[in-house]
Amino acid sequence: MKKCLVTLALLVGALGAARAQQATSIGLTVAYGRDRLLSNSQYTSVSHSAYQAGLTANVGLSDNWSFHPEVLYTMRYFDTANDENLNRDVNSIDVPLLARYRVGGLFLEAGPQVGFPIKAVNEDAQNVKSELNSVVLNYVAGVGYRFGQGPSLGVRYDGGASNTFKKDASTVLGSGRFKSSTVWLVLAYSFGG
């Protein structure tokens, strides 16, 4: 929790420093995704629905470039084709720190994402949070279109730069790499800027 608060404090500080330079907007976002867990062990993942909702900011740095941080509540469901006892439902706070390049309404975005898992359960609703790494790093890339001053629609990919689950043999998932891979359809609404 302390790491999450420190990250949020850094975001607020960065927004305050950059606000004087260009237009700033804040907004709301929701997303629907299809996710799976990439693995090289006995875990055979299948695609499953995922959901996100949260707050966004967009800080103009120039006419075309902006800094676009978000704070998202994310629900992912990692299911396996070969053993439902290995299925995991994971809730996390994700903080993408994106650079955006905009031409007209069209924008491209990319950057790192820091995730803080807050809950994980198996099929029997038992707590399995100890199987997760406490901080997960992902990378994000996407494209979208902002319609006028408010709504925008986009598609983004977020992939694992680090393992979501611990990769040692002490977890029931076994050893291997366990990186998330998610494609999102994102709907957002910005106020101002």
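**Exercise 1. Is Arg 156 buried or exposed, and what does its side chain meet?**

Start with accessibility: Arg 156 comes out at 4% relative accessibility, so it counts as buried. For the cut-offs, buried means under 20% relative accessible area, exposed over 50%, and partly exposed in between (1.4 Å probe, protein chains only). A quick word on the ground rules: this is a predicted model, where local features need pLDDT of at least 70, side-chain atom pairs count only at pLDDT 80 or more, and totals for chains, interfaces and linings use all residues. Residues are numbered from 1 along each chain as its sequence is written, and side-chain values use heavy atoms, with hydrogens and water left out.

Next, the partner: Arg 156 forms a salt bridge with Glu 109 at 2.9 Å, N to O. A salt bridge here is a side-chain nitrogen of Lys or Arg within 4 Å of a carboxyl oxygen of Asp or Glu. Arg 156 sits in strand E8 and Glu 109 in strand E6, so the pair ties together parts that are 47 residues apart in sequence. Strands (E, at least two residues) are DSSP runs, numbered from the N terminus. Glu 109 is buried too, with a relative accessible area of 7%.

Finally, zoom out: Glu 70, Arg 100, Glu 109 and Arg 156 are linked in a network of salt bridges.

**Exercise 2. Which residues form salt bridges with Arg 76?**

Take Asp 94 to begin with: its side chain meets that of Arg 76 in a salt bridge (3.6 Å, N to O). Arg 76 is in strand E4 (residues 65–80) and Asp 94 in strand E5, so this contact ties together parts 18 residues apart in sequence. Both Arg 76 and Asp 94 are buried.

Now look at Asp 158, whose salt bridge with Arg 76 has its closest N and O atoms 3.1 Å apart. Asp 158 belongs to strand E8 (residues 151–160) and Arg 76 to strand E4, so the pair ties together parts 82 residues apart in sequence. Asp 158 is buried, as is Arg 76.

For the overall tally, a search of the whole structure turns up six salt bridges.

**Exercise 3. Which strands pair with E1, and how many bridges join them?**

Check E3 (residues 48–60): E1 (residues 24–39) pairs with it in the antiparallel sense over twelve bridges. Pairing requires at least two DSSP bridges between the strands.

Methods
Helices (H or I, at least four residues) and strands (E, at least two) are DSSP runs, numbered from the N terminus.
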